[in-house]
Amino acid sequence: MKETREAQSIAIALSGGGARAIAFHLGCLKALHQTGILQRSKTLSCVSGGSVIGAMYVAHEGSFESFEDKICLLLEQGLVSKSIKTAFTTSEGLKAVLCSLVLLAYRILQLISLPLYWVANVFARQLNIDLTTGIGTTSPRRFASRTTILERTLDKFLFEGKTLKDLENAPQKFVSVAAELRTGSAFYFTPGESGCWRFGKVNPGQIKIARAVTASAAYPIFLPALDEVFAFNRRDGSVRSERVTLTDGGVYDNLGLSPLWPDRDPKISVDIPVPNVIITCRAGYGLRFGRPANSMVTRMTASFYTIFDRSQNAALKRLYDLKSAGRLKAIVLPYIGQADDRLTHAPANFIKRDEVSGYPTNFGPMSKAWIDKLSKRGQQVTLAVLQQHNPELISEAI
């Protein structure tokens, strides 16, 4: 057993899912701490709501019990009222309004200039002049928005100005997954380096934890993408400034598995420890059964969730394939939508799937009853799955 543990490289992935994910993952982390697995893990890969609790865990300097109290307080208060307070009591709200006006003026100017551009293009064609070069490649940068208000809120109330560099000595390597919309690639924030394979790597010393978490949690329907310019260190040794637009990591990978694949090349993307044990804590919904798609809105919504669900299924399939091929020693899948009748080690007071399936993913205040129910579900499912499928991972002290 000792040799097996020394050879283990454990990574824990915390999925997206807003406040529901935070509460469920709290229970998962509690079970993993209880079994000694959390303390032995090397990497914490996080998406969206998972990034909030994951960053709070690696940044926390007290006991697990005090960390749990901190998460429960966050869930009870929510982030909505704090963000509203930030908008009205700091300059960020005014900057967001000003930015919206600038962008509105730019779009109105575009509409007005379209007829003029059309006329000019007709004459240019007669003279064999191409006016399309560069069209649409630039636009004003969104320097402030509801997303930057959320970032400032997280920075003030949760992370107190700390940067990713402050997490460098944490027991687990923190990875926050965001989606870069210009290239459709993953953008990883870590204490050692940040970036994506398309642009290169960024020194994270000046990147606040709040920015990494916000980029990962900026759900695109409600929050604009973070519009930023970074100086990237490229593989040829050059440094180049690039504009990136970062949104919710769930758009690219809602399970947080993409930085953990054992066939990744750290020379191309950021360097993350290669795991041979992956624990995927999944707080998304189970089998979907929505309304008939008889309008454009319901049709597009259903299409989005179909693609979203299939991408997660493909990632899980790859996880099982890697296990079958011997590239992974073990996989553990604590899932909020776990089929209860398949668990052989469920406790007598087990929180059923149907009791928690209806909770939304927003960041509004959560009652103590719901916090207890969701977190207990996470703890119970994690322990039951471990005892049934991976008892060798559990510490002998339990």
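Helix H4 (residues 49–59) is largely enclosed by the rest of the structure, because 11 of its 11 residues are buried. The model described here is predicted. A search of the whole structure finds 15 salt bridges and 1 cavity of 30 Å³ or more.

**The enclosed helix**

- The buried residues of H4 begin with Gly-49, Gly-50, Ser-51, Val-52 and Ile-53, and they continue with Gly-54, Ala-55, Met-56, Tyr-57, Val-58 and Ala-59.
- Each of these residues counts as buried because its relative accessible area is under 20%.

- Lys-30 and Glu-68 form a salt bridge in which the closest N and O atoms are 3.2 Å apart.
- This pair links distant parts of the chain: Lys-30 belongs to helix H2 (residues 18–34) and Glu-68 to helix H5 (residues 64–77), with the two partners 38 residues apart.
- Lys-30 has a relative accessible area of 30% and is therefore partly exposed.
- Glu-68 has a relative accessibility of 19%, so this residue counts as buried.

- Arg-318 forms a salt bridge with Asp-263, and their closest N and O atoms lie 2.7 Å apart.
- Here too the pair links distant parts of the chain, as Arg-318 is in helix H11 (residues 296–324), while Asp-263 is in the loop between helix H10 (250–253) and strand S9 (277–281), 55 residues apart.
- Arg-318 counts as partly exposed at 32% relative accessibility, and Asp-263 is also partly exposed, with a relative accessible area of 45%.

**Further salt bridges**

- Lys-201 forms a salt bridge with Glu-193, with 3.6 Å between the closest N and O atoms.
- Glu-193 counts as buried, because its relative accessibility is 18%.

**The cavity**

- The largest cavity has a volume of about 50 Å³.
- The residues that line the largest cavity are Ala-19, Ile-22, Leu-74, Leu-75, Gly-78, Leu-79, Phe-363 and Gly-364.
- Helices H2 and H5 each supply at least two residues of this lining.
- The lining of the largest cavity comprises 6 nonpolar residues, 2 polar residues and no charged residues.
- H2 and H5 are also the helices that hold Lys-30 and Glu-68, respectively.

Technical notes
Residues numbered from 1 in each chain as written. Predicted model: local features only at pLDDT ≥ 70, side-chain atom pairs only at ≥ 80, totals over all residues. Heavy atoms only, no water. Salt bridge = Lys/Arg side-chain N within 4 Å of Asp/Glu carboxyl O. Helix = DSSP H or I, 4+ residues; strand = E, 2+ residues; numbered from the N terminus. Buried < 20%, exposed > 50% of the residue type's maximum accessible area, 1.4 Å probe, protein only. 1 Å grid on protein atoms, 1.4 Å probe; cavity = no way out; pocket = protein on both sides within 12 Å on 5 of 7 lines; lining within 4 Å. Points joined across faces, edges and corners; volume = space filled by probe spheres on them. Nonpolar A, V, L, I, M, F, W, Y, C, P; charged D, E, K, R; others polar.
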